[in-house]
Amino acid sequence: MITQSSPLRISRIRLPHGQLFWREVGEGPTLVFLHGSFQDGTQWLPLVEQLASRFHCLIPDLLGFGESPPPDQKQSIALQAKCLAAYLEALHLERYTLVAHSLGAWVASHFALTQPAQLQAMALISPEGVLTEAFPNRWQREKQLTAFVPVVPALLKLSAPFSRLVGKHAAIARQRAYRHQLLASSASCRLLFKRRWADLHPELLNERLEHLQVRTQVLQGGQDDPAVIAQSKTFVRLCPAAQLRMLKEGDQALLSHWSDSIAYEIERLVLNTQMVVS
């Protein structure tokens with residue numbers, strides 16, 4: 001528990017790739033939490049509340065997200081992974097487990113492919129970064145929604161008055177709300193949608209996962225979007241070191257609604273990994 005005797009501490013560090021902000025609490029085996037798209041480290045606080053009495057929890061904001069300023073260099077998954085490596089090296093950690101969601105899992109996987117000896121295991125929740133059948137179309141749609149010249153958003157706005165007549169009002173309203181959600185995270189837009197496909201495609205994990213040797217537990221909600229479930233299944237199929245734990249009733253709000261189950265899975269992963277190492 002995060003209490004007065006074990007308060008949440010905040011710190012900043014200047015690294016070669018930029019300045020990183022993080023929160024820290026607890027003692028014990030170290031867990032490093034990497035947030036997802038359109039989020040920052042605060043998304044982990046409810047889960048960390050359950051783990052801080054038994055674990056040393058580090059919760060950084062990725063470069064350009066939350067309290068971490070944008071990097072001077074062009075955003076990329078590789079840059080985020082290099083910054084993570086510099087951050088963990090600066091802290092001189094002996095052993096740690098990465099707990100990562102969505103975009104953070106993509107960064108964690110890139111980092112883990114360097115096979116640092118200190119990385120014991122990873123718990124990846126709904127990981128991004130693998131090419132599935134739905135990925136290109138989804139990426140193209142999101143790129144159009146966040147484009148500097150907003151052709152698709154303008155069409156959505158123009159069609160709104162007529163949408164009720166053709167039964168499309170709810171669908172168009174969802175698209176416009178989704179656009180606002182995307183634009184609310186400028187860092188995610190720069191990292192994912194403001195880049196050319198030729199730059200993003202080489203950072204996808206499909207051809208690399210067979211080389212990932214770190215013990216990995218993929219956690220996925222069974223009631224999530226089918227495209228998200230497909231990404232988790234593809235990740236596990238391509239990565240011999242990964243196992244899939246499907247939380248059958250979990251949905252898109254897996255972290256907030258099923259934090260007890262996730263905390264249990266993380267504790268079990270750390271314990272089993274320690275038993276193997278010893």
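So, Gly-18 counts as buried, at 12% relative accessibility. Buried here means under 20% relative accessible area, while exposed is over 50% and partly exposed is in between, with a 1.4 Å probe and protein chains only. You'll find Gly-18 in strand 2. Helices (H or I, at least four residues) and strands (E, at least two) are DSSP runs, numbered from the N terminus.

Before I go on, a word about the model: it's predicted, so local features need pLDDT of at least 70 and side-chain atom pairs count only at pLDDT 80 or more, while totals for chains, interfaces and linings use all residues. Residues are numbered from 1 along each chain as its sequence is written, and side-chain values use heavy atoms, with hydrogens and water left out.

Back to Gly-18. What is Gly-18 in contact with, leaving aside its neighbours within four places in sequence? Ile-13 and Leu-63. Contact means heavy atoms within 4.5 Å. Then there's Gly-64: from Gly-18, that's 46 residues along the sequence, with 9.1 Å in space, C-alpha to C-alpha.

Okay, zooming out. The protein chain has 11 helices and 8 strands. Of its 278 residues, 50% count as buried. Now take contacts between residues at least 6 apart in sequence: 72% of those join residues at least 24 apart. The accessible surface is about 13,700 Å², and 54% of that belongs to carbon and sulfur atoms. Those areas come from the Shrake-Rupley method with a 1.4 Å probe, and for residues only the protein chains shown count as cover.

Next up, aromatic rings. Rings of Phe, Tyr and Trp (its six-membered ring) pair if their centres lie within 6.5 Å; planes under 30 degrees apart are stacked, over 60 edge-to-face, and the rest tilted. How many aromatic pairs does the structure hold? There are 4. Take Trp-22 and Tyr-87: that pair is edge-to-face, 5.1 Å centre to centre, with 65° between the planes. Trp-22 lies in strand 2 (residues 18-25) and Tyr-87 in helix 2 (residues 77-91), so the pair ties together parts that are 65 residues apart in sequence. Both Trp-22 and Tyr-87 are buried.

Phe-33 and Trp-44 make a tilted pair, at 5.2 Å centre to centre and 55° between the planes. Here Phe-33 sits in strand 3 (residues 30-34), and Trp-44 in the loop between strand 3 and helix 1 (45-51), 11 residues apart. Phe-33 and Trp-44 are buried too. Also, ring pairs link Phe-135, Trp-139 and Trp-197 into a cluster.

Now, holes. A cavity, on a 1 Å grid over the protein atoms alone, is a set of points where a 1.4 Å probe fits but cannot get out, and lining residues have an atom within 4 Å of a point. Grid points are joined across faces, edges and corners, and a volume is the space filled by probe spheres set on the points. The count is 1 cavity of 30 Å³ or more, and the largest cavity has about 40 Å³ of space. Its lining includes Leu-20, Leu-34, Asp-61 and Cys-83. Which elements give two or more residues to that lining? Strand 4 (56-61) and helix 2. Helix 2 gives the most, with 3 residues.

Methods: On a 1 Å grid over the protein atoms alone, a cavity is a set of points where a 1.4 Å probe fits but cannot get out, and a pocket is an open set with protein on both sides within 12 Å along at least five of seven lines; lining residues have an atom within 4 Å of a point.
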